[in-house]
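Dear colleague,

Please find the structure below, handed over for your study.

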Amino acid sequence: MKLYSDDELAELLDQEIFHQITEAAERVGVECYVVGGYVRDIFLERPSNDIDVVVVGSGISVAEELKRMVGRRAHLSVFRNFGTAQVKFRQKGVEYEVEFVGARKESYSHDSRKPVVEDGTLEDDQNRRDFTINAMAICLNRDRFGELVDPFNGLADLEDGIIATPLDPEVTFSDDPLRMMRCIRFATQLNFQIEDETFEALERMADRIKIVSGERIKDELNKIIMAPHPSIGFELLQRSGLLQIILPELSALDIVEQKNGRAHKNNFYHTLEVLENVCKMSNEQLGMKNYDYSQGGKDSDSASKGNHNYSLPITHSSLYLRWAALLHDVGKTRSKRWDPAVGWTFHNHNMIGAKMVPQIFRRLSLPMDMKMKYVQKLVDLHMRPIAIADDIVTDSAVRRLVNDAGDDIDDLMTLCEADITSKNEVRKKIFLENFRMVREKIADLKEKDYKRLLQPVIDGNEIMELFHLKPSREVGVLKQYLKDAVLDNRVENEREPLMALLMEKAREMKLTE
């Protein structure tokens with residue numbers, strides 16, 4: 001981060017957008033301040049076009065005046081019930097989004113996140129902010145332009161890498177329990193430490209998260225999961241007690257049982273390691289250091305502090321692949337058994353986990369569409385490439401894998417390679433070499449157009465027409481018979497050999513003479 005004097009801040013804010021806000025506030029006759037994340041990010045040297053402005057008076061009036069000054073190219077949205085307004089416009093090739101709110105103070109009832117709001121001073125407004133690093137304000141009025149107002153030493157906390165609340169953290173979290181998730185999210189994105197008193201309040205107040213909707217929790221979880229090192233956040237969620245409430249299926253993996261001197265690994269920390277492995281490629285692109293969970297989740301490189309890459313762009317392939325990594329072993333708690341002959345087993349944990357995915361997605365208001373099915377598929381299939389790589393890599397096994405995974409085969413392979421966390425380097429090397437062979441066979445199939453190769457040229461409609469059948473079990477048996485023959489490479493996927501095979505099977509089933 002970089003420290004600036006008030007004069008230097010004034011130089012940094014010497015931009016047309018801020019001079020226009022200044023002029024609008026002067027015309028209305030009110031004090032106004034840029035606050036929150038924009039101020040924090042100035043010191044972290046992160047560019048931002050989302051600007052929050054607190055007005056001691058009517059924020060809506062200043063927004064309306066700014067709209068008049070900018071003209072038709074600005075779009076004004078007013079939310080009178082909340083006393084806020086938003087102005088969006090493009091200026092010199094840059095899209096700006098400026099949020100105006102009147103300074104206010106808030107009070108909360110115990111069972112609601114919706115506050116009773118009253119007009120207040122700048123001090124009142126800073127008091128209600130979530131964290132000291134988000135409570136700094138810079139004056140935009142002409143006579144004090146660039147003056148930093150930092151009553152809670154947020155700048156010092158920013159410099160020290162500390163997340164702390166402006167007031168009593170227990171009151172802050174009780175008033176708005178979502179702030180507990182935001183606390184961990186900021187600690188994860190910034191790689192900051194949570195102040196001891198603040199973390200202790202997280203532990204005491206964790207149960208308050210129950211009044212927050214799944215939708216809001218999901219938004220914060222997605223931001224944590226898309227941070228450069230999301231495992232930091234999930235360990236903090238577990239330590240604070242929040243994970244047991246919002247994602248108990250994952251929290252339940254944090255146990256090691258021992259019997260007859262034989263223990264299984266901690267599947268929670270294994271999951272975090274897999275998640276980090278999935279993130280590794282994108283982290284390397286961002287120049288981030290690796291996060292080592294081999295010692296129970298200790299940060300092996302505190303020197304990475306100060307590299308403030310908040311998060312990656314949220315895309316289907318990145319966000320939901322990470323969700324698949326996070327949930328790939330959730331079925332292990334329910335499938336765990338002790339077998340005296342082999343020790344601890346987790347048979348069919350992939351199938352059990354896949355059945356749990358829709359319940360988790362629904363509870364957290366995650367999308368119940370193809371994104372959920374994608375995660376479910378990867379959880380269900382994540383053991384298949386490992387089974388192939390642990391044996392002779394046959395064409396037939398690879399064909400079946402590609403058929404079942406479809407267009408998600410590359411993501412499945414990424415997840416499975418990330419799942420190899422063995423400390424036995426020899427065994428790990430063998431697995432990864434076999435995975436390389438699997439990838440080569442997949443690439444060869446793709447080159448030959450695997451969709452055409454894997455789908456028999458004789459389909460169900462033709463089978464029904466040939467044997468005068470309606471949709472039935474017999475049609476399904478014949479289709480699967482042809483598909484198995486193609487996948488096992490017993491015949492070429494060509495009409496003549498497949499027809500001969502079909503007629504032979506039909507005679508066996510007494511469908512033809």
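A residue is called buried when its relative accessible area is under 20%, exposed when that area is over 50%, and partly exposed in between (1.4 Å probe, protein chains only). By this rule Trp323, at 0% relative accessibility, counts as buried.

Please note that this is a predicted model, in which local features need pLDDT of at least 70 and side-chain atom pairs count only at pLDDT 80 or more, while totals for chains, interfaces and linings use all residues. Residues are numbered from 1 along each chain as its sequence is written, and side-chain values use heavy atoms, with hydrogens and water left out.

**The sheet**

Helices (H or I, at least four residues) and strands (E, at least two) are DSSP runs, numbered from the N terminus. Two strands pair if DSSP finds at least two bridges between them. Seven strands make up an open sheet with mixed pairing, in the order β3-β4-β5-β2-β1-β8-β9. At its edges stand β3 (75–79) and β9 (148–149); each has a single partner strand, so one side of each lacks a neighbour in the sheet.

Strands β4 (residues 84–91) and β5 (residues 94–102) run antiparallel and are joined by eight bridges. Arg90 has Glu95, in β5, as its bridge partner. Helix α4 (residues 59–70) packs on the sheet and touches β2, β3, β4 and β5. The direction of α4 makes about 20° with that of β4; here axes are lines fitted to C-alpha atoms, for helices over the stretch in contact, and angles run from 0 to 180 degrees between N-to-C directions. Helix α2 (residues 16–28) lies across β1 (31–35), β2 (50–56), β4 and β5, and runs at about 140° to β4.

**The aromatic pairs**

Rings of Phe, Tyr and Trp (its six-membered ring) pair if their centres lie within 6.5 Å; planes under 30 degrees apart count as stacked, over 60 as edge-to-face and the rest as tilted. The structure holds nine aromatic pairs. One of them is the edge-to-face pair of Phe131 and Phe186, with 6.0 Å centre to centre and 80° between the planes. Phe131 lies in the loop between α5 (122–127) and β8 (137–139) and Phe186 in helix α8 (residues 178–190), so this pair ties together parts that are 55 residues apart in sequence. Phe131 is buried, at a relative accessible area of 0%, and Phe186 is buried at 3%.

Trp323 and Phe361 also form an edge-to-face pair, with 6.1 Å centre to centre and 65° between the planes. This pair links helix α15 (residues 316–327), which holds Trp323, to helix α17 (residues 349–363), which holds Phe361, 38 residues apart. Phe361 is buried, with a relative accessible area of 0%. Ring pairs link Tyr320, Trp323 and Phe361 into a cluster.

**The cores and helix α25**

A nonpolar core is a set of buried Ala, Val, Leu, Ile, Met, Phe, Trp, Tyr and Cys residues joined through side-chain atoms within 4.5 Å. The largest has 126 residues, and Trp323 is among those that touch the most other members, including also Phe18, Phe100 and Val375. Apart from this core lies another, of 15 residues, among them Ile458, Phe467, Leu478 and Ala485.

Helix α25 (residues 473–487) has 15 residues. Its buried residues are Val475, Leu478, Leu482, Ala485, Val486 and Leu487. After α25 comes Asn489, whose phi is positive, near 65°.

Yours sincerely

Notes:
The expected span of a helix is 1.5 Å times one less than its number of residues. Contact means heavy atoms within 4.5 Å.
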